Amino acid sequence: MELVLFAGLAVVAGVAALLVVVQRHAVYSALFLIITMGALAGIYILLEAHFVWVIQVIVYAGAIMVLFLFVIMLLDIRREPNPWAPPDRARILVAVVLSLVLLVELGMAVGQRLMLSPAGGPDVAGGFGTTQTVGRLLFTDFLFPFEITSIILLVAMVGAMVLAKKHQ
Amino acid sequence: MRVPLEAYLFLSAFLFAVGVIGVATRRNALIIFMSIELMLNAVNLTFLAFARFLHSMDGQIFVFFVMVVAAAEVVVGLAIIIAIYRNRETVDVAELNLLKW
Amino acid sequence: MLEALIVMLVKIVVVFTALLLTVAYMTWIERKLIADFQVRLGPTRVGPYGLLQPIADGLKLMFKEDLIPSQVDRAIFLLAPSLSIIPAFIAFAVIPFGDTTTLFGLLSKPVPLHITDIDVGLLFVFGVASLGVYGIVLAGWSSNNKYSLLGGLRSSAQLISYELSMGLSVVGVLLLASSLSLVEIVRAQAGLSWWFGILPVPNWFVFSQPLGFCIYFCCALAETNRAPFDLPEAETELVAGFHTEYSSMKFAMFFMAEYANMITVAALATTMFLGGWLGPIAPSPVWFVGKVFLMLFLFIWIRSTLPRFRYDQLMSFGWKRLLPLALLNTVITAVVAARG
């Protein structure tokens, strides 16, 4: 059952990710990215990440992508002209070849373990990945990074407001 | 039949490679940004997969921080793109060549 | 395994049908109530007391000509109404509308009256609510019409601004109930306490979190684009906002999405502040439905009473008044909860 769910979600995520990078219109890319993030949230549930998946939906799919869509719509981005024209074509081919090399390398690095690990691994302890566990860790072991992230968010907010302001 | 760790890692590697293709290939700054977000998501998946299979909560905490930093980065990056658009009327990265010799 | 699946399917069908019927008859209830407030009669001709009016309206909308302007982005134009209505219905998957029941002894073991209970139910509802913004933004953009675009962007800016205060206003409830699961939140409100030694008051969070309830209520009004926060879709403004170019069934879907959202936030307010399905004597779904209708009555009452906010007043209210108040509520609740 878990295998079926993972296979379905992985196919959706992979296909949507490919469609993100080949669209000519930025809005369609954003929509496919939302689908990818939704599929990934589903995969996170399979990985016992009970808090992280809902945070993925709220933050990534619900806030960050809305921000992307706002910017695309406000800046009135049009359809991109033909991306296969000659000056770009060589660059695109080189980029795709090198990315495929990267993919093969990563695949080899991952596949090495294929003979060693049993499928699935033992079950995790109860309470793994729940909100209570994450909260307890964030306020004890990881308190300092947690406070730093609040400052990061403050800096980002102030920076964005300053950068995007219209100067009279 | 449970899902092996390698399956998650293959998916994550694939998403990362697709993100790299997006960054290296496209000229629209917003789509490059979206490809970067795709790479960050792929890395999140790797962290969570290892957290599950090594029984360590550190992976999930790190994913939480990655998400926060990604949110901050998107906010600042989009503000920069808006500022560039106001100045140069374009988001095509090939046209942003003021610092070229 | 099969019995559990069948039970869940039956629950889904029942909830879905009940929601659709309630959405349809909300239009009737609203028109009748507003007519009462304005000392007139409302719909009376179609069927006894105008009860068949929603059916007549539905038929009319179905038979209207379905216009799709030529320059719109077709795929997204057709997708946007669905994106608007789906999150409104999905949020109901985690809302508990009753205690466990055996259907008067028909079932072998008691069945809990909620479709599912995930341990992050509250966050799930907020995640789904934040997905509801897409329908509006994409509808406004795909219409290829500057009024629609501006209406859509304004409406979605309003939604995301009030989402913040809504989430914060609920943190007090979360602190008192110590759980994100909606079923646990309802159970934490069980029991009576005696004020001044003589007055029996149920342990509902509306009594221990009055500020939180008020903030949540205001944010719920803004989230569903209801008066007095309905500027983005008022007929006199921006030609009709983001649904200018929509006609027939697609317009009907936006309409249904608004009412479905209203029912969802009313059900959430009931679950989090009014004690969900708790109540003596009567069966629990009756209490739940009664409390939801009380909240819906409040929504309609406020719509017919208050004038509309201007857009800058609306945004200023959300950011400069509700957000600090919600933070204050969180701090006070945290201090009190930590001490006692």
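User: How many residues of chain A are in contact with chain C?
Analyst: 14 residues of chain A are in contact with 15 residues of chain C. Two residues are in contact if their C-beta atoms, placed from the backbone, lie within 7 Å. This is a predicted model, where local features need pLDDT of at least 70, side-chain atom pairs count only at pLDDT 80 or more, and totals for chains, interfaces and linings use all residues. Residues are numbered from 1 along each chain as its sequence is written, while chains are lettered from A and ligands numbered from 1 in the order in which they are written.

User: Which helix gives the most to that side of chain A?
Analyst: Helix H3 (residues 52-74) of chain A, with 10 residues. Helices (H or I, at least four residues) and strands (E, at least two) are DSSP runs, numbered from the N terminus.

User: And what classes are the residues on that side?
Analyst: The side of chain A that touches chain C has 10 nonpolar, four polar and no charged residues. Ala, Val, Leu, Ile, Met, Phe, Trp, Tyr, Cys and Pro count as nonpolar, Asp, Glu, Lys and Arg as charged, and the others, Gly among them, as polar.

User: OK, what about chain B against chain A?
Analyst: There, 57 residues of chain B are in contact with 69 residues of chain A. H3(B) gives the most to chain B's side, with 20 residues. By class, that side of chain B has 45 nonpolar, seven polar and five charged residues.

User: Switching to chain C: what's its secondary structure?
Analyst: Chain C has 13 helices and four strands. Its radius of gyration is 21 Å, close to the 20 Å that the globule rule gives for 340 residues, so chain C is as compact as a globular protein of that length. The radius is taken over C-alpha atoms, and the rule is 2.2 Å times the number of residues to the power 0.38.

User: Which strands pair up there?
Analyst: Strand E3 (residues 192-195) and strand E4 (residues 199-202) of chain C pair in the antiparallel sense over four bridges. Strands count as paired if DSSP finds at least two bridges between them. C:Leu192 stands opposite C:Pro202 in E4(C). The hairpin has three residues between the strands, and C:Phe196 takes a positive phi near 55°.

User: Last one: where is confidence lowest in chain C?
Analyst: In strand E1 (residues 100-101) of chain C, at a mean pLDDT of 78, while helix H10 (residues 210-223) of chain C is highest at 93. pLDDT is the predictor's confidence in each residue, from 0 to 100. Chain C averages 87, and 96% of the residues score at least 70.
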